[in-house]
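My notes follow in the order in which I looked things up.

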Amino acid sequence: MKRVILTLFILLSIPLAALSQVLKGVVSDAETGETLVGASVRLEGTQIGASTDQDGLFTLTLPDGNHNALLVSYIGYEKQSIAADRLRSGRQLKVRLKPVSNTIKDVVVTGVYERKKESFTGSAATYSGKELRMLGAQNVLKNLSVLDPSFKINENTLMGSNPNTMPNIEVRGKTSIVGLQEEYGQDPNQPLFILDGFETDVQTVMDLNMNRVQSITILKDAASTAIYGSKAANGVVVIETIRPEHGKLRLNYKGDYGLTWADLTSYNLMNASEKMRFEELSGLYKDNNGISLNQLALDNLHNERLKEIARGVDTYWLSEPIRLGFDQKHNVYAEGGEEKIRYGIGVTYGNTQGVMEQSFRKNFGMNIDLIYRTGIFQFSNNFILNNTKTSDPTTGFQEYANANPYYRKYNADGGIDKYLYYPDNQYETPVSNPLYNASLNSYDRSNALAFTDNFIADAFFTDYLRARVKFGVTHTGTTGEMHLSPLDTRFDSADETEKGRFDYRQQKALKYEGDANLTFGKLINETHMVNLVAGFNFAHNSTTLNGYSATGFTEDAFDAPSFANKYLENGKPRYTESTRRSASYYVNGGYQWRERYLLDANWRHDGSTVFGSENRFRHTWSVGLGWNVHKEAWMQKALEKQAVTLLKLRTSLGNPGNQNFAAYQSITTYQFVSAMTNVFGSGVLINSLGNPNLKWQNTLNWTVGIDLEAWQKRISLTADYFVKDTDPLLCNITTPGSLGVKNTYMNLGAQQTKGVEAMLRVTPINNPEKQMNWNISLNARHYVAEYRKIGNALDAVNNANKLLPNELTRYYDGGSPTAIWGVRSAGIDPATGKEIFIKKDGTYTFDYSTDDEVVLGDTRPKLEGTLGTSFYWKGLTVGAYLSYQLGGQVFNTDLFNKVENIDFSDINYNQDRRALYDRWSVDNPDARFKGMSLVQTTDKSSRFVMNRNTLQGTSFVVSYQFPKRLIAPAKLSALTLQCNMNDIFYRSTVKQERGTAYPYARTVSFTVAAAF
């Protein structure tokens, strides 16, 4: 009986097996070859379907006989239909999906609306969070400056890699007077930052965890920045963070771990023997007055120092304040939900240890994202909480660099002496021991707590009509404390009641903004595409500052302000407040005909309290034109052969404004003076002189550009030429003393900036079948700028700058904002050792005169940018990015201050070794620098201006995405490991110290990204 049943089962199984077939396949990106995880594979007209796994593989059981085609889809890619006759069992089906135009790269996000890049006339560039993270875990702004030529972070040779120093940023050059830094750190040349549709500041962006970033778009020209016309003269940076996706609960973790160490290669200081030889040749140990007792004391000092050198004392002071820093950043994000409601909860933590002791920046944050949709309405709310703690050393790096190497760090008992050298006479200044001051109970720290809540409500009336209302509020409270111990050597000459110092500062800021707009977008008769946005916007920003400075501490350990004896001399508690408001309404429209001819137009009416009461409101406008040449019929052959897949010509013109100025610059303000109190009440004095006629700073921005993709997208080129005319400028000018104030704001002069930018991307290898891709990228920029219509209005500033030894900036018509001014030099006279100057008329003289000043060079490079390459193969990515600068000049302050201009006070500090080897003497008549002298001064001349070309190893990366079969046993759905090296080398044709107050750093970081 059993045999009969088994036989029947076998006979029945044969036709059942024949009724179905097993289909296997893999889904990948048609351009990069990367496999796609979670792609949908479904048999058309049935419920039979599957999803691809971590390796892009799928398995599907298909019924036998006739059936429909197979549909393969994935978010951001074109759907593909596979004909039924191609579906055969026994072999692997390879499906390659093409990215569609709504991927991150092909969409322009303005923070108000989104547009297809192909239909947009503006100059904009978008970068995904993945691209940013591939460059390392430093910060968003640093990585963005590597990717885009228009976004530049100016080098800070003073503060180096201090984690608490905010960067100086510009997009396509500057539109305001260089150096005009506003109250509360408001920089008139800084771009506008938009985070998830709301304005934010540079510090928030600096502290933003890069793992939260979905994409960043840089809006550069008038057409792209038009929606923010009143604030967009310096460009707009739009940041979108990751939004929660619906589905089952998912947990993502990304951690960055880094090691940083100081880059001291730019320092060129003397060792102990060299410094002693330099002092001997300078005549330090000779008494010029012929007093035998003085000479005896100098001989004893000389012998003592020689003995120390003979004993082997050669202290490398630069290594004392630095450390190997450990940086860590963590981001955990949980997301999920259903079709109607989605949620996301994230927690971030970052701890950046600076390379100097007592230096750090710690961030803790959390965000809650909620999205709810019902009917035609969608509501989203984003709550963010951030806490930032900072600490900076109170003993600067320069104090260690100044210490002579023949001094010991510790005394014979192993302790730290207060002074490295304490003279026996009253003519010399004691040399402090930086280790002693650093060991005291001194600190400089701050704590900031901020919360933000942004709410957006959308109503989708139809597929082409949408209304949006949004409101956001941010409150920030910051406290700072700086304490200097009374034992610090800076207070040795002070009275007992004035030793030590405690500074307390508190700042509170409240910002809220709202926007309401209506968006229309519709394709009419398959010919006319119309886009329209109309809306109203308002903003309020108020800030209060208060604090005090106290002195007179008795003990090092007693640092609380209650131990202070009094306020500073002529000091008292401080309190200021500032309020800025703005309002505007705008209309932004776009039109395209058959996707060929494009038109964008914008008009905006803005009001701001920053400017004079007679000029509160201003109109801004922009017009953009574009031509998609590749859409023309005569280009179809090129399209079919994929010789040219995109060719767009575009131009734009507009007049964006700038509101990054002080709140009360147009209003006369007064301050109460308690000493003037009388029977009539408190007395007041003018604090600042207002200008009710102060006009908006106006910038006319014209851009022409080209976008090209060719040879199956193996070559991609974007190039722009732009001209930015700012007229009038807003300047802070000197006023006559009879007015009772030193300066006031006025509209004065103009400035023009011209530039060319280009980004080229070449893909020599693109083999999707072998999952292999190789890209090479090059970006470059070239800018020139000049002042106009200034006349002699800033002569007082120019004359004052001429007298300052290190001030090289002048404000003249036709002059560049980054020009180096000084007197030309013919070098050192071999016979006398004197410097020969070249007058304006070309004649030679030994006499220096500021009337002979001319432009000696320009710090703006002729060409600068980044060269990069990346190679991808089956989950492994290797990349390298080098930053370069060519053709600029620099005034070498090391040569000016540490080779020449060394007097009796400077001789007690270490100097550049070129002061010993490259100075004029009878035996070295062809030297570039004057002979050694402690009484001779040097003026600014072309001898110190040098051509600078640089090459920097900005980022090197190795990344690997593990296949699912290797990580599945650990219950992981994704795992990526990455290693980065940042700023690993710096080469320059100029030998000059970088990071004088705080050194530059090199970083190696490791990243772990896991999904559960």
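This is a predicted model: local features need pLDDT of at least 70, side-chain atom pairs count only at pLDDT 80 or more; totals for chains, interfaces and linings use all residues.

Entry 1, a helix. I looked up α5, which spans residues 272-281. I found Ala-272, Glu-274, Lys-275, Met-276, Phe-278 and Glu-279 buried in α5. I then asked what covers the buried residues of α5. The cover includes α6 (292-310) and α12 (914-917).

I checked both ends of α5 next. At its start, I found a side-chain oxygen of Asn-271 within 3.2 Å of the backbone nitrogen of Ser-273. Just after α5, I read a positive phi of about 80 degrees at Gly-283.

Entry 2, a strand. I took β17 (residues 247-263) and looked for its pairing with β18 (residues 325-337). The two run antiparallel and are joined by 12 bridges. For Leu-259, I noted Phe-326 in β18 as the bridge partner. I also followed β17 to β51 (residues 1000-1011), where the pairing is antiparallel with 12 bridges. Here Asp-263 has Tyr-1000 of β51 as its bridge partner.

I located Lys-79 in the loop between β5 (70-73) and β6 (80-82). Is Lys-79 buried or exposed? Lys-79 counts as exposed because its relative accessible area is 75%, and the cut-off is over 50%. Setting aside neighbours within four places in sequence, I found Lys-79 in contact with Val-72 and Ser-73.

Technical notes:
Residues are numbered from 1 along each chain as its sequence is written. Side-chain values use heavy atoms; hydrogens and water are left out. Buried means under 20% relative accessible area, exposed over 50%, partly exposed in between (1.4 Å probe, protein chains only). Helices (H or I, at least four residues) and strands (E, at least two) are DSSP runs, numbered from the N terminus. Contact means heavy atoms within 4.5 Å. A polar contact is a pair of N or O atoms within 3.5 Å; within protein, one must be able to donate a hydrogen and the other to accept it, and residues adjacent in sequence count only if both atoms are side-chain atoms. Two strands pair if DSSP finds at least two bridges between them.
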